[in-house]
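Open the model in your viewer and keep the selection tool ready. Each stop below says what to pick and what is there.

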Amino acid sequence: MRIGHSHADVYDRESEYWQDIEDAQNAQIEAQKNSQSMAVESERKNLYDKDILTQGD
């Protein structure tokens, strides 16, 4: 019967823990970039649409 954990077991679990945190942070950064990109694109479209509407007058 084995009692406790080896250093390798603890290191592996800690590595996985920090990797999960890093992955979550990277996913959050990517989501923010995508959100900002969509906002910029939406604003560009609005400006383009307004420009087309005002040129027709």
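The tour goes from the whole chain to single side chains.

**Whole chain**

Bear in mind that this is a predicted model. Start with a cartoon view. The secondary structure amounts to one helix and zero strands. Select residues 7-55 to pick out helix H1.

The accessible surface of the chain is about 5,600 Å². Carbon and sulfur atoms account for 54% of that surface. What share of the 57 residues counts as buried? The value is 0%.

**The aromatic pair**

Select Tyr17 and Trp18 and show their side chains. The structure holds one aromatic pair. The ring centres of Tyr17 and Trp18 are 4.9 Å apart and the planes meet at 75°, so the pair is edge-to-face. The cut-off for that label is an angle over 60 degrees.

Are these two residues buried or exposed? Tyr17 is partly exposed, at 48% relative accessible area. Trp18 is exposed, at 55%. The line between the two classes is 50%.

**The negative patch**

Next, select Asp12, Glu16, Asp20, Glu22 and Asp23. These residues gather on the surface as a patch of negative charge. Zoom in on one of them, Glu22. Glu22 sits in helix H1. Its relative accessibility is 41%, and Glu22 counts as partly exposed.

**The salt bridges**

Side chains of opposite charge can pair when their charged atoms come close. How many salt bridges are there? The count is two.

For one, select Glu41 and Arg44. Their closest N and O atoms are 3.4 Å apart, and the two residues form a salt bridge. The cut-off here is 4 Å. Both residues lie in helix H1, three residues apart, which is about one turn of the helix. Glu41 is partly exposed, with a relative accessible area of 46%. Arg44 counts as exposed, at 52%.

For the other, select Lys45 and Asp49. This salt bridge has its closest N and O atoms 2.9 Å apart. Lys45 and Asp49 also lie in helix H1, four residues apart, again about one turn. Color Asp49 by accessibility: it is partly exposed, with a relative accessible area of 28%.

**Last view**

Zoom out and show the salt-bridge pairs together: Glu41 with Arg44, and Lys45 with Asp49.

Terms used:
Residues numbered from 1 in each chain as written. Predicted model: local features only at pLDDT ≥ 70, side-chain atom pairs only at ≥ 80, totals over all residues. Heavy atoms only, no water. Phe/Tyr/Trp six-rings, centres within 6.5 Å; stacked < 30°, edge-to-face > 60°. Buried < 20%, exposed > 50% of the residue type's maximum accessible area, 1.4 Å probe, protein only. Helix = DSSP H or I, 4+ residues; strand = E, 2+ residues; numbered from the N terminus. Areas by Shrake-Rupley, 256 points an atom, 1.4 Å probe, with all protein chains shown as cover. Patch = residues over 30% accessible without salt bridge, like charges linked within 9 Å, V, L, I, M, F, W, Y side chains within 5 Å. Salt bridge = Lys/Arg side-chain N within 4 Å of Asp/Glu carboxyl O. Lys, Arg positive; Asp, Glu negative; His and termini not counted. Charge placed at Lys NZ, Arg CZ, Asp CG, Glu CD.
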